[in-house]
Amino acid sequence: MADVATPLAGTELDHELERMLAIERFDPPDGFREKALVSDPAVYERAERDPEGWWAEQARALDWAEPWTQVLDWENAPFAKWFVGGRLNACANCLDRHVEAGLGDRVAYHWYGEEGEQRDISYAELLAETKRLANALLDRGIKAGDVVGIYLPMIPEVIVAMLACARIGAPHNVVFGGFSPEAVRERMEFSEARALITVDAARRKGKTAAIKPAVDEVVGGLEHLETVVVVRHTGEQVPMQDGRDVWYDEIVAAADPECPAEPFDAEHPLYVLYTSGSTAKPKGILHTTGGYLTGVACTHRLVFDLDADHDVYWCAADVGWVTGHSYIVYGPLANATTSVMYEGAPDYPGKDVWWSLVERYGVTVLYTAPTAIRACMKWGAEEPNKHDLSSLRLLGTVGEPINPKAWLWYHRVVGGGRCPIVDTWWQTETGHIMITPLPGIVPTKPGSATRPFPGISADVVNADGEPIDEGTGLLVLRRPWPGMLRTLYRDDERFKEVYWSRFGERTYLVGDAARKDEDGYFWILGRIDDVINVSAHRLSTAEVESAIVSHERVAEAAVVGQPDELTGQAIVAFVTLVGGGDGDDALREDIRGHVAARIGKIARPKRIIWADDLPKTRSGKIMRRLLRDVAEGRELGDVTTLRDPVVMAEISEKVAAGEEEE
């Protein structure tokens, strides 16, 4: 075991992080490169020279019932087909082949419930239950091509449900458990789901919320929805509709234990996952089987330097998001990984619960979001310092750009200074990781996702689509990749318009702004519309937020623009302080000066509003739209998707009372 840095907290840690901010580049730790799965940088050149050959090599790590005749068909761009003619079954690749190889007793998931319940589920046990549920769905008339909705919390049954659908070729449509029942109805209606798998009730931070009765209120009029399967989780008494509703445990127990895994065409739909519909109807991202499974298995193995025989891997996300689909379910299971799965919040029953789980299960690889890291920073280094985290050897981030201060805190406090960090950029649409360091060969820079994964062609271009060698512009992808979305479900025209219209049908417009530095490293700056134009200077909200958060008193910040007669737009910063509470005018000026020193005077916030917390969705993303509304004095829009709607009420009261600097 590598030496672990001495735990630090308080002022001593602040000084250490300030010193580390001056370090621009972190090489792979001593000893890591020699043992890494990828230790030769020539992998990039090889993949670039023959990208189709590279992806074919990765696909051969899977079991195919029939081989493909063509790696990529790109004639009808932007509609791609990968591994044309090949046939396989995603569930068999995640379960059957490992059990047949003698790994049936290996733990697939260490599940830990919110109230301390524990279950270890082996690959053999997972396969047995998946077969029975697959048969139960077939018995209810579900067939290949039928959409099955899944609305479950982070319990093992959500994994079984996804795999059972994959086994019989029924695309699943998972809805994040934190979304409202109305969101469930909307997604079931758009996808014309024939079945829905849900739960009696769900728990969150010691409270229980009835789910089945709420779902009943909104799905009754959906003519396509013929079956509702209900998991008994909390024991709540819930109404059951004769003929439509069935108990999960009862139909699984009654089902035939044998269910052969039918091979499907590589382009057979695996799942539909809907993105937010804040400006229009939700977009149904359609992923297919062969290319997607190739992409997630390959990236999971190489990005996380996975040793399936020894690693204990934890992606601390939710299955309801694409991160959960790709790096809790399909990628890890395809690689015969032992994973940790946690039902609860990161601060319940205590703010050290994550670190207690790392210690309990000997987690070696941890993958989480910058939002969660910033929350842990706010709670203090004392929480992780309570536990032995020496098992960790690799850390990862996902979901949004990470500011350097959070990156360094993660590296120093959680990783003990010995763990490389893989900062990953990708999207629901891309299916798998696209830009990331390979930890054994790529030096990292705090805040940069570094370079495209082998076989991926990414670029930064100006408004006319011309490449930018160094500077800020629009992030694009230049060629197809296996895990790419194939279309928007039942909306091909919108698919072409949203992603492939601006620069032609062979260049994918990501929708993110990015900067490429002198070393060719990519710095993701956030969505294109997350740019503030101050006196003709385009400033990334992520860049300004990083500057604010690098102040020693600041725990978290969110920046928005508001109309300004003099400068066009002005910067408004919502700031949460370390330890909570409000600052004073002197601290406001100090923060402004701090931002000016790091970016320039043009980036100084015109207004700084103190906030005890920031409005976040249940997945942890900051809702800047609501902050723009309150900054500009507009009536707030929908707040039902917020993790804690009270946060916006408190911020609105402060702004209305004039408790900020004009």
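1. Leu587 counts as buried, at 6% relative accessibility. Here buried means under 20% relative accessible area, exposed over 50%, and partly exposed in between (1.4 Å probe, protein chains only). Leu587 lies in helix H19, residues 585-598. Helices (H or I, at least four residues) and strands (E, at least two) are DSSP runs, numbered from the N terminus. Setting aside neighbours within four places in sequence, Leu587 is in contact (heavy atoms within 4.5 Å) with His551, Arg553, Leu577 and Trp610.

2. A word on the basis. This is a predicted model, where local features need pLDDT of at least 70 and side-chain atom pairs count only at pLDDT 80 or more, while totals for chains, interfaces and linings use all residues. Residues are numbered from 1 along each chain as its sequence is written, and side-chain values use heavy atoms, leaving out hydrogens and water.

3. How many aromatic pairs are there? The count comes to 28. Rings of Phe, Tyr and Trp (its six-membered ring) pair if their centres lie within 6.5 Å; planes under 30 degrees apart count as stacked, over 60 as edge-to-face and the rest as tilted. Phe176 and Trp321 are a tilted pair, because their ring centres are 4.8 Å apart and their planes stand at 40°. This pair links distant parts of the chain, 145 residues apart. Phe176 is in the loop between strand S7 (172-174) and helix H8 (181-191). Trp321 is in the loop between strand S16 (312-315) and helix H12 (322-334). Phe176 is buried at 6% relative accessible area; Trp321 is partly exposed at 26%.

4. Trp354 and Trp355 have ring centres 6.2 Å apart and planes at 80°, so this pair is edge-to-face. Both are buried. Elsewhere, ring pairs link Trp74, Phe79, Trp481, Phe495, Tyr499, Trp500 and Tyr508 into a cluster.

5. Two arginines deserve a look. The charged end of Arg232 sits over the ring of Trp247, 3.9 Å from its centre. The charged end of Arg451 sits over the ring of Tyr44, at 3.6 Å from the centre. The rule asks for NZ of Lys or CZ of Arg within 6 Å of the ring centre and within 35 degrees of the ring normal.

6. A disulfide is a pair of cysteine sulfur atoms within 2.5 Å. The whole structure has zero disulfides. For Cys419, the closest cysteine sulfur is in Cys376, 15 Å away and too far for a bond. Cys91 is buried at 0% relative accessibility, and Cys419 is buried at 0% relative accessible area.
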